[in-house]
Amino acid sequence: MKFITFQKKDGSLAAGWIKEDSFAIDMHEASGGLLPKTMLEFIEKNRDYMEMIKMLKNPAKGVYSLSEVDLKAPLPNPKSFRDFYAFEEHVKTARENRGLDMIPEWYELPVFYYSNHQNMMGPNDDIPRPKNCKWLDYELEICAVIGKEGKNITAEEDDDYIFGYCILNDWSARDIQRQEMRVGLGPAKGKDFATSIGPYIVTVDELQKYRVKNRYQLQMTAKVNGRLLSRGNAKDIYYSFGEMIERASEEVVLYPGDMIGSGTVGTGCILELGQDVHGWLQPEDEVELEITGLGSLKNKISKE
């Protein structure tokens, strides 16, 4: 299933799913109030609520044409957001472009940083460029949404703990990031202003046809103003989502509604590609990320 958060013509927000690629179902309205109003509430008890959905094959109410609603970030308020650094090609190339050698310790364990989980943007939202930023960049990533509480989860249990996946754009103010990372605490303010996800969360069962062992064969691309810049594949990830979840849950509880980002796929950002391929993003540039099975996520940079 493809789960969404959307805005109706009257301005109200609803959570639900896409039916037949043409309709948005308001789960709360369609169920007569038995299902919750928000995606976070649904994910928190998704195993119980999924049984109710099975009885709503043809709801008589709460059905809207997709053309009449605006899709928003499918999970506007995740409980947390950990972003990993899991694609070897991206790490090596981005460091080479800065005159740095590969970090031997990177091969020892998957690492992550916490990002701002309260600033989630959705499809077609305008992305603000921080006022002191001149080096604005996109990042082509996949995000897993946790659907079950757990601690010390093993890598082999990943499907049991992941509710679904979506496209993630980890927007980066590279000049701000470069300045702050000299201190040694990792990116923070350079990532603080926006993260976009969407257009929907695809449940794990829908992606099984793309699964190869513990990875997924998913083509990943990024375009800026219609020009193809980035092309990679999720199968090339060095650390699987299971391995990332194992690391994140080590002596720590993961909760339904937590988000786990993959980090940037190889070629998946301007920092890696270099300025000779494309300059930093400018106001009114449009970035489109597309991933097999997960749809397309478009955002424009705000006018200044």
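Start by selecting asparagine 299 and aspartate 125: the side chain of asparagine 299 comes to 2.9 Å from the backbone oxygen of aspartate 125. Keep in mind that this is a predicted model.

Is asparagine 299 buried or exposed? With a relative accessible area of 1%, asparagine 299 is buried. Beyond its neighbours within four places in sequence, its contacts include Gly122, Pro123, Trp171, Asp285 and Val287.

Next, select helix H6, residues 174-181. Its buried residues are Arg174, Asp175, Ile176, Gln177 and Glu180. Show strand E10 (136-137), strand E14 (172-173) and helix H8 (270-273) too, as they are part of what covers those buried residues.

From here, turn to the largest pocket, with a volume of about 470 Å³. Among its 23 lining residues, Tyr85, Tyr113, Gln177, Met181 and Pro187 lie nearest the centre. Strand E6 (80-84), helix H4 (88-97), strand E7 (112-114) and H6 each give two or more residues to this lining. By type, the lining has eleven nonpolar, four polar and eight charged residues.

Last stop: the second largest pocket, about 270 Å³ in volume. Select its lining, including Trp135, Arg174, Gln177, Ile270 and Trp280. Which element supplies the largest share of this lining? H6 does, with four residues. Colour the lining by type and you will find five nonpolar, four polar and three charged residues.

Note on methods
Residues are numbered from 1 along each chain as its sequence is written. This is a predicted model: local features need pLDDT of at least 70, side-chain atom pairs count only at pLDDT 80 or more; totals for chains, interfaces and linings use all residues. Side-chain values use heavy atoms; hydrogens and water are left out. Buried means under 20% relative accessible area, exposed over 50%, partly exposed in between (1.4 Å probe, protein chains only). A polar contact is a pair of N or O atoms within 3.5 Å; within protein, one must be able to donate a hydrogen and the other to accept it, and residues adjacent in sequence count only if both atoms are side-chain atoms. Contact means heavy atoms within 4.5 Å. On a 1 Å grid over the protein atoms alone, a cavity is a set of points where a 1.4 Å probe fits but cannot get out, and a pocket is an open set with protein on both sides within 12 Å along at least five of seven lines; lining residues have an atom within 4 Å of a point. Grid points are joined across faces, edges and corners, and a volume is the space filled by probe spheres set on the points. Ala, Val, Leu, Ile, Met, Phe, Trp, Tyr, Cys and Pro count as nonpolar, Asp, Glu, Lys and Arg as charged, and the others, Gly among them, as polar.
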